[in-house]
Amino acid sequence: MDIRILGAHNSESEMTRCVCLLVDETLAIDAGSLTSNLSISSQPKLKAILLTHQHYDHIRDVPAIALNLSRQDTSIDVYSTPDVRVAIETHLLNGILYPKFQELPQAKPTINFRLITPYETQRVNDHQILAIPVNHCDTTVGYQVTDAEGKSMFYTADTGPNLRDCWKHVSPQLLITDVTVPNRYDEFAKRTGHLTPNLLHEELITFRELKGYLPQIIAVHMDATLEPEIKNEIAAIAEALDTSVMLAHENMQLHI
Ligand SMILES: [Zn+2]
Ligand SMILES: [Zn+2]
């Protein structure tokens with residue numbers, strides 16, 4: 001399985017993009033930088049997008065990719081919980097802010113919304129998908145993606161602590177996880193449903209207790225203004241766990 005991190009942050013700037021993962025060129029998870037960091041020629045290779053929740057940094061490029069694909073007579077499946085679909089149809093693809101690409105063109109709409117059911121494995125083209133609820137807003141889900149060779153990655157989406165129940169359902173070789181702010185933002189992270197390096201450390205101890213191993217670990221969704229601090233603190237937890245924990249960066253390529 002080849003994974004390219006299109007966006008590694010919670011904020012867009014000249015050097016940073018909002019969170020977005022590309023799996024085997026055909027499957028995107030979240031849509032924070034689907035158009036800002038994917039070439040026009042690569043965009044039609046996309047067959048499906050999995051959305052974790054409706055926050056703007058995760059869904060912002062759904063209208064933009066729909067416009068580009070509609071120009072190329074291509075359609076795409078967009079998977080989410082019902083809440084996310086309603087939010088996008090109400091606030092973005094509503095015929096006021098942008099065309100209703102879920103209805104246009106009439107003969108073959110560009111966007112096909114598909115519902116995911118948490119805890120049920122679903123086939124999405126060449127991958128098996130398992131959505132698992134995490135601790136963020138409303139019905140936020142993380143996704144485990146497994147390929148035909150049995151290789152799996154799990155992306156936590158935005159999440160706060162207490163992932164014990166979530167870990168019980170997944171067994172990835174690669175874990176891509178929220179680490180939004182440094183340790184001194186502990187209260188903020190708990191209140192808003194995010195992780196700091198220390199909070200991630202506790203979750204990884206639980207993971208190892210339950211599963212007997214630690215996967216390869218990549219942190220995403222960093223606040224760009226706080227990244228140097230996060231990087232130092234991540235190095236400290238990696239040392240404490242005697243494992244590798246890396247911060248993602250835009251265009252990072254991973255292979256499992
Ligand atoms: Zn969020
Ligand atoms: Zn976010």
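# Questions and Answers on the Structure

Student: With 256 residues, what radius of gyration does the chain have?

Tutor: The radius of gyration is taken over C-alpha atoms, and the globule rule is 2.2 Å times the number of residues to the power 0.38. For 256 residues, a compact globule would come near 18 Å. The chain agrees with this, having a radius of gyration of 17 Å.

Student: Which kind of model is this, and what pLDDT do local features need?

Tutor: Residues are numbered from 1 along each chain as its sequence is written, chains are lettered from A and ligands numbered from 1 in the order in which they are written, and side-chain values use heavy atoms, with hydrogens and water left out. This is a predicted model, in which totals for chains, interfaces and linings use all residues, side-chain atom pairs count only at pLDDT 80 or more, and local features need pLDDT of at least 70.

Student: How many helices and strands does the secondary structure of the chain have?

Tutor: Helices (H or I, at least four residues) and strands (E, at least two) are DSSP runs, numbered from the N terminus. Counted in this way, the chain has seven helices and 14 strands.

Student: Of the 256 residues of the chain, what percentage count as buried?

Tutor: A residue is buried under 20% relative accessible area, exposed over 50% and partly exposed in between (1.4 Å probe, protein chains only). Of the 256 residues, the buried ones make up 57%.

Student: Which protein donors does the zinc ion (ligand 1) have?

Tutor: Donors are N, O and S atoms within 2.8 Å of the metal (3.2 Å for Na, K and Ca); water is not among the atoms, so sites may look incomplete. Along the chain, the donors of this zinc ion follow the spacing H-x1-H-x80-H-x21-D. Lying 2.1 to 2.3 Å from the ion, they are His53 (NE2), His55 (ND1), His136 (NE2) and Asp158 (OD).

Student: How is the site of the zinc ion (ligand 1) classed from the angles among its four donor atoms?

Tutor: Four donors count as tetrahedral if all angles lie between 85 and 135 degrees; four count as square planar and six as octahedral if opposite donors are over 155 degrees apart and all others between 65 and 115; anything else is irregular. Here the angles run from 93 to 164°, and the site is irregular.

Student: Why does His58 count as buried?

Tutor: Asp57 is buried, with a relative accessible area of 14%. His58 also counts as buried, because its relative accessibility is 0%.

Student: Which side chain has a polar contact of 2.7 Å with that of Thr16?

Tutor: A polar contact is a pair of N or O atoms within 3.5 Å; within protein, one must be able to donate a hydrogen and the other to accept it, and residues adjacent in sequence count only if both atoms are side-chain atoms. Thr16 lies in the loop between β1 (2-7) and β2 (20-23), and is buried at 8% relative accessibility. The side chain of Thr16 reaches the backbone oxygen of Ser11 at 2.8 Å. At 2.7 Å, its side-chain partner is Ser13.

Student: Not counting residues up to four places away in sequence, which residues does Asn125 touch?

Tutor: Contact means heavy atoms within 4.5 Å. Asn125 is partly exposed, with a relative accessible area of 33%, and its C-alpha atom is 8.2 Å from that of Ala48, 77 residues apart along the chain. Outside its sequence neighbours, Asn125 touches Lys47 and Ala48.

Student: What positive phi does Asp242 have?

Tutor: Asp242 lies in the loop between α7 and β13 (245-247), and counts as exposed at 73% relative accessibility. Although Asp242 is not a glycine, its phi is positive, at about 55°.
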